[in-house]
Amino acid sequence: LKQSSFVCSHLRGRVYLRIASCDRFAMSPPVGTLHYIEQTLYKAEKALIVAKFNGLALDQKKFDAQKDARKPEFIAKNPTGKVPYLETDMGCIFTSNAIARYIARSRADTALYGKCFDDEGQIDTWLEFCTHELEVPLMTWVYPVMGLMDDIPKATADAQVDVKKALTALEGQLKSSKYLVGDFVTLADIALVCALREGFARVFDAAFRKAFPKVNAWFEGCVAMPQFKAVLGIVKLCATAEKPQPVLKEFLPPVRSEKKKEEPAKKEAPKAEAKAISKALVPPRPNAPTGDVAGAITAVGDQIRVLKEKLKAEGLSGKKINDHDEVKKLVAQLQELKEGAEAAPAAPVAAPAAPAAAAPCAPPAAEGGSVDAQITAVGEQIRALKEKLKGEGLSGKKINDHDEIKTLVAQLTELKAQGGAGGAAPAKATLPTPPAPAAGGGDIEAQITGVGDEIRSLKEKLKGEGLSGKKINDHDEVKALVAKLTELKAKQ
């Protein structure tokens, strides 16, 4: 500094250290490093123009939001993560207006922060106006045009109305003075010109500007000054308002897949438990009779329901449950079993159970098997439809009262009645003198199917009463039926 002195002034009980120059402010070392994002450069331009007026130097560094924001050293020195920020020897200053105030107050003789106490209050008023009354609606209008965010037509229309209100207020102020706070440029003028620059360049066409002649003259007068030109260059006014653009890649919302990556350990436990359930409930896939395949279909269906209940209790729902790896594997296994059952119809079921002498009685057995297959198929339809309706937001009684559900339930009831009346009796006729183990195995399989249906019906009933998850599984009747089912499976 040449012939300079440090002056302490006491205002409102605070001490300001200012530099008063007796001759001229010689070139000094940079005040600090200004970090900025290129697409929102206007925020940094406030401080850069102020530095030009005050004869101060600022180093500049472009900030990459995708890379630099995750660096530990950035978080350590700027915990708020706000950009732009000014890095000085004393620490970091963040937000554009705070940085501009800091640079403006570095010199007392330029009057960028006013000439008196009242001027400072007026400047602060217009800085707040700039942030809340102008920048918010203007950037809601301009950012979609710059590809920084999605265009929402209703929001844009509302923003245009608010921008006009803000410009009307500016127009009124500039009717009584050349600049916002008297006849000299202050930080208030610099901040508002920088905020308005994108509007004048991109969306304020001639028809829009016509309503604000004082604002136009003030803006064009400011940007013609050498201090503004040195930072903004030549500002060309908008001829035709620009249209919204697709959002730039670096400003697209992040894909929220991190939660899955963060919780691999938590998911290992359900997978291990699901595998254990699979081994317990699903018998080895036989090369043999379709009767075993039908049992496997029932068992896998039960396993899917048990796993889904468990995942619901862990907080998953709807699509997340259906997309769970173990659920998808079991569904694929179930589909494969069903395709196998369709490819090999009921004839093989009768072959191992009855001797050659009983061959004339085979048709009734096949008929009973057909009814059982229909019961299983309709049951699967009901369950699939209920899952679909849950995914659409229905639950409890609303699902049970759905027309399609009621139709399918009626169909299932009718099939079960046929199975009890027409299917059970022929089954006894076809096996008048079978070996004891074969007869017992057939009865047990039917009992397993019956108890499984009872459990499902009871669970649906309890859901309709408002119970869910663990409360259903802990219900006394459910526990008793599950114990009975386990006992029956052990006898197979």
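Predicted model: local features only at pLDDT ≥ 70, side-chain atom pairs only at ≥ 80, totals over all residues.
Local features are given where pLDDT is at least 70 and side-chain atom pairs where it is 80 or more, while totals for chains, interfaces and linings use all residues. Residues are numbered from 1 along each chain as its sequence is written, and side-chain values use heavy atoms, without hydrogens and water.

The largest nonpolar core holds 67 residues. Such a core is a set of buried Ala, Val, Leu, Ile, Met, Phe, Trp, Tyr and Cys residues joined through side-chain atoms within 4.5 Å. Buried means under 20% relative accessible area, exposed over 50%, and partly exposed in between (1.4 Å probe, protein chains only). Leu-196, Phe-204 and Trp-218 touch the most other members. Two or more residues each come from β3 (33-36), α1 (42-54), α3 (96-104), α4 (117-146), α5 (153-174), α6 (187-202), α8 (213-223) and α9 (226-232). Helices (H or I, at least four residues) and strands (E, at least two) are DSSP runs numbered from the N terminus. Helix α4 gives the largest share, 13 residues. Beyond four places in sequence, Phe-204 touches Leu-138, Trp-141, Val-163, Leu-167, Leu-196, Gly-199, Arg-209 and Cys-238; contact means heavy atoms within 4.5 Å.

Four strands form an open sheet in the order β4-β3-β5-β6, with mixed pairing. Strands of a sheet pair through backbone hydrogen bonds, either parallel or antiparallel. Here, two strands count as paired if DSSP finds at least two bridges between them. The edge strands, β4 (59-62) and β6 (91-94), each pair on one side only. Strand β5 (residues 85-88) runs antiparallel to β6 and is joined to it by four bridges; Glu-87 has Cys-92 in β6 as its bridge partner.

Phe-74 lies in helix α2 (residues 72-77) and counts as buried because its relative accessibility is 4%. Apart from neighbours within four places in sequence, Phe-74 is in contact with Phe-63, Asp-68, Ala-69, Gly-81, Val-83 and Tyr-85.

Helix α21 (residues 476-491) has 16 residues, which at 1.5 Å a residue should span 22 Å. This expected span is 1.5 Å times one less than the number of residues. The end C-alpha atoms are 23 Å apart, in agreement with that value. Val-478, Leu-481, Leu-485 and Leu-488 of α21 are buried. Seen down the axis, the buried residues of α21 fall within an arc of 90 degrees, so they line one face of the helix; the arc is that of the directions from the helix axis to the C-beta atoms. Asp-476, Thr-486, Ala-490 and Lys-491, on the other side of α21, are exposed.
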